[in-house]
Amino acid sequence: RGSVFRLGLERTEPPASVAAGARPAALRGRLVVLVDDDLAVLAATREVLESWGCRVVAARSAEEATEAIRLRGVQPDAILADYRLAELDNGVDAIAAIRAACGREVPAAVLTGETTEGVGRRIREHGLAQLVKPVAPARLRALLAELTRGA
């Protein structure tokens with residue numbers, strides 16, 4: 001009953017850039033504040049960012065992020081925030097709170113699964129970049145490189 005399949009592939013060595021753990025040079029050492037109330041998404045995104053050489057402050061809320069920044073005595077190079085956060089909070093407000101705590105306009109983007117015009121308009125009105133989930137790593141990397149250029 002059923003079928004059985006076998007797949008045979010030749011074993012090869014990975015390209016030198018993969019084998020060496022190549023990271024985008026533009027992001028190496030950059031401090032990114034990441035805000036998402038979904039722990040699985042937070043952990044996965046953090047892992048991706050760290051694989052590119054970024055330092056990451058991962059938090060479930062703006063308050064948690066600003067406290068971590070204060071305790072570490074650091075200034076972020078960029079902020080990434082999910083639009084929908086717990087308890088009716090949103091990424092636009094979280095970014096504003098983190099920027100206020102830092103005392104400067106930290107480059108920032110909102111990651112969202114929502115595609116309604118109202119959400120997009122609100123994000124644009126605040127001068128923020130937007131990426132629609134699911135976000136391809138290459139698009140996220142390009143956006144972060146653009147946000148942190150000259151930082």
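Start with the face of helix α3 turned away from its buried side: Glu63, Arg70 and Leu71 sit there, exposed. Exposed means over 50% relative accessible area, buried under 20%, and partly exposed in between, with a 1.4 Å probe and protein chains only. Helices are DSSP runs of H or I, at least four residues, and strands are runs of E, at least two, numbered from the N terminus.

A word on the source. This is a predicted model, in which local features need pLDDT of at least 70 and side-chain atom pairs count only at pLDDT 80 or more, while totals for chains, interfaces and linings use all residues. Residues are numbered from 1 along each chain as its sequence is written, and side-chain values use heavy atoms, with hydrogens and water left out.

Now the other side. Helix α3 covers residues 62-72, and Ala62, Ala65, Ala68 and Ile69 are buried in it. Down the axis of α3, these buried residues fall within an arc of 130 degrees, so they line one face of the helix; the arc is taken from the directions from the helix axis to the C-beta atoms. What covers them includes β1 (31-35), β2 (55-59) and α4 (91-102), where contact means heavy atoms within 4.5 Å. Just after α3, glycine 73 has a positive phi of about 65 degrees.

Cysteine 54 is buried, at 6% relative accessible area. Cysteine 102 also counts as buried, at 10%.
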